[in-house]
Amino acid sequence: NAGKSTLLAVLSAARPKIANYPFTTLVPNLGVCEMDFRTTVFADVPGLLEGAHEGHGLGHAFLRHISRCRVLLHLLDGTSPDPIGDYKAIQLELELFNPALLDKPQVIAYNKIDLPDSGDYWEFVREYLVDEEGVDPQRLFPVSAVTGRGVREVVGAVRRVLDELGPAEVAPETNALNLTSVPRRFAPEARIDKFEIEPDPQQLPGGSRLFYIRGEAVERFAQMTNWDYYEAVKRFQRVLEVSGINAALREAGCKAGDTVSLGDVGEFVYNDEQSEAATYGAWLQDMEARGRNRQGGSKWPTPR
């Protein structure tokens, strides 16, 4: 609940799921920050549980994603009862998973500085991290992901570190020897109605649940859908209905407000109301939340 997804949404046009409870992020999200005629890619990875290096929670799989990042932006929750303890716990998990991760440069952002419970302790936390943990004060910032305070400074610090590191060394590699055809991203026989809903959905805070759907064809279809077009969203809804996914979700006990995750592609909030009015309203609400302009020929149908 440190505010990683909120910060990513402020930095970029990404639209990660944001909620007021811990471990909202269930899959990694990428966002491209465009500022001062330069772009920088940020990855929001799921929060780590203590014991993530042993496979607890979702963190173990995504510690490998952290390994591919050149700079780590460590976001501290200023409203936590013990932000210093949180910092030490994350550092320990990184070290236990792979000691080389601690060698990666870090920029630390102390978030929620706009709240009294956070702002009152900023100076104490800053002094401790600098004096006791050896944190470079030039890489330590108070921020508010909600108001945008300090965000530009954080981006600037990350870019300065990247400049110091220089261009990344990319080792050429290939496994294309003896290939006689262009590989497909999924099996040719994959069908849209071939999918699997994992049993025992995960319970989320607030009473809702998380359902996982696995299916090569439907995941590929979701990847190719442009969510800024109302027509594309309608088509995706029809595919869910015709393929039997909606019926399978209802049979599995999925209800309105539950979250459905399509493999590693993304997630959406399930709504059992499938009318055009409901689809259009949900799409319009999503577009406004992301600050996107309408595209395509979407017009609200008027009675004739």
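How are H8 and H10 oriented to each other? I took this up as the opening entry.

I note that this is a predicted model, in which local features need pLDDT of at least 70, side-chain atom pairs count only at pLDDT 80 or more, and totals for chains, interfaces and linings use all residues. Residues are numbered from 1 along each chain as its sequence is written, and side-chain values use heavy atoms, with hydrogens and water left out.

Entry 1, helix pair. I looked up helix H8 (residues 230–242) and helix H10 (residues 276–290), which pack at an angle of about 125° with their axes 10 Å apart. H8 and H10 are therefore oblique to each other (under 35 degrees is roughly parallel, over 145 roughly antiparallel, 65 to 115 roughly perpendicular, the rest oblique). On the side of H8, Tyr230, Val233, Lys234 and Gln237 make the contact, and on that of H10, Glu276, Thr279, Tyr280 and Trp283 (contact: heavy atoms within 4.5 Å). I find 4 nonpolar, 2 polar and 2 charged residues in this contact of H8 with H10.

I located serine 208 in the loop between strand S7 (202–203) and strand S8 (209–214). Serine 208 counts as buried because its relative accessibility is 17% (buried: under 20% relative accessible area, 1.4 Å probe, protein chains only). Neighbours within four places in sequence aside, I find serine 208 in contact with Gln202, Gln203, Gly257 and Asp258.

I recorded 10 helices and 10 strands (DSSP runs of at least four residues for helices, H or I, and at least two for strands, E). Of the 304 residues of the chain, 39% count as buried.

Conventions:
Axes are lines fitted to C-alpha atoms, for helices over the stretch in contact, and angles run from 0 to 180 degrees between N-to-C directions. Ala, Val, Leu, Ile, Met, Phe, Trp, Tyr, Cys and Pro count as nonpolar, Asp, Glu, Lys and Arg as charged, and the others, Gly among them, as polar. Buried means under 20% relative accessible area, exposed over 50%, partly exposed in between (1.4 Å probe, protein chains only).
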